[in-house]
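Okay, thanks for coming, everyone. Let me put the model up and we'll walk through a couple of spots.

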Amino acid sequence: MKTDEVRALVLAEPAGPAALRLGTLPAPPAGAEVVIDVRAAGVTFPDLLLTRGRYQVRPDPPFAPGLEVAGLVRRAAPGSGFAPGDRVVAYTGIGGGFAETVGVPARAVVPLPDNVDFSAGVALMVNYQTAYFGLADRGRLEPGETVLVHGGAGGVGTAAIQVALALGARVLAVVSDAAKADVARLAGATEVLLAGGWAGEVRDRFGAVDVVLDPVGGDRFDESLRLLRPGGRLLVVGFTEGRIPQVAVNRLLLRNISVVGVAWGHYAAHDPGLIHRVGAQLSRFAAEGRIRPVVGRTYPFEDGAQALVDLEARRTVGKSVLVF
């Protein structure tokens, strides 16, 4: 391998995760503000979409997926706020994190709390930042409100459970089976509901909810709208079910409810201070022990394709992580 290259999992064409191959990509340029030696890379649903050319942004191949990394700073520009040896978590933007070394802007880097290891810490970027941005910023969650979290055993779901609890809410989590129910309970959910008949159970036991965080879409979205109290907010995070729902806006008008988009990565480009601001709150929660990322499985870096295959097959719980 040349000195101006780094090892990476490279996608030469958008043919799905099985098309990932161990190869090389150009090393971070000399002008990169912060260069990080990667110790862990998070596995996210957008990574899966990137491998199939289905994400909103489509990088030109060859490229490496990977939106988030945790590791040690190798070098940093003066005034960046970072120094060699710092433990950090970073957002790489649209891909690039499935590599041994990455270069990123300083605004996309946050310190990693000392009590959080790299594998757990990488979840504090995309999953936990999305959960906090969705619930606190977009959802205006208030202490004492009731939050319903779909996909409660997944990476975003477990993050949302813990963030909602840290913000003083009661949390209902919806999961697909009993094993995943155990994961949602481990994350701290107040109540856990199985997907079969979940809506009726919510209606019978709780009447209605104040906020729904939905990374699933499809039928879950449709049912969730019916369960919102007046003033309720449905937070749209993603569509893992596959069907993108549509809304009859007269229902929003007559019931005084809101559907709110939560696109954290896109908003971070609009608000350069977002990652640092949210990161500071999450670091405080982590230092206080109020959030503890649930790592479902770690994979060797070279097995990144399998990690994405498992994610697509819904065999994963909590956060999946590649370790270097």
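I'll start with a helix, then go to a helix pair, and end on one valine.

Quick housekeeping: this is a predicted model, where local features need pLDDT of at least 70 and side-chain atom pairs count only at pLDDT 80 or more, while totals for chains, interfaces and linings use all residues. Residues are numbered from 1 along each chain as its sequence is written, and side-chain values use heavy atoms, with hydrogens and water left out.

So, helix α10, residues 274-287; helices here are DSSP runs of H or I, at least four residues, and strands are E, at least two, numbered from the N terminus. Which residues of α10 are buried? Leu 274, Ile 275, Val 278, Gly 279, Leu 282, Phe 285 and Ala 286, buried being under 20% relative accessible area with a 1.4 Å probe, protein chains only. Just after α10, Gly 289 has a positive phi of about 75°.

Now α4 and α5. Thr 158, Ile 161, Gln 162 and Leu 165 in α4 meet Val 183, Ala 184 and Ala 187 in α5, contact meaning heavy atoms within 4.5 Å.

Ala 184 comes back with my valine: Val 175 touches it, along with others including Gly 152, Lys 180 and Leu 194. Val 175 sits in strand β9, residues 170-175, and counts as buried because its relative accessibility is 3%.

Definitions and conventions:
Buried means under 20% relative accessible area, exposed over 50%, partly exposed in between (1.4 Å probe, protein chains only). The expected span of a helix is 1.5 Å times one less than its number of residues. Lists of a residue's contacts leave out its neighbours within four places in sequence.
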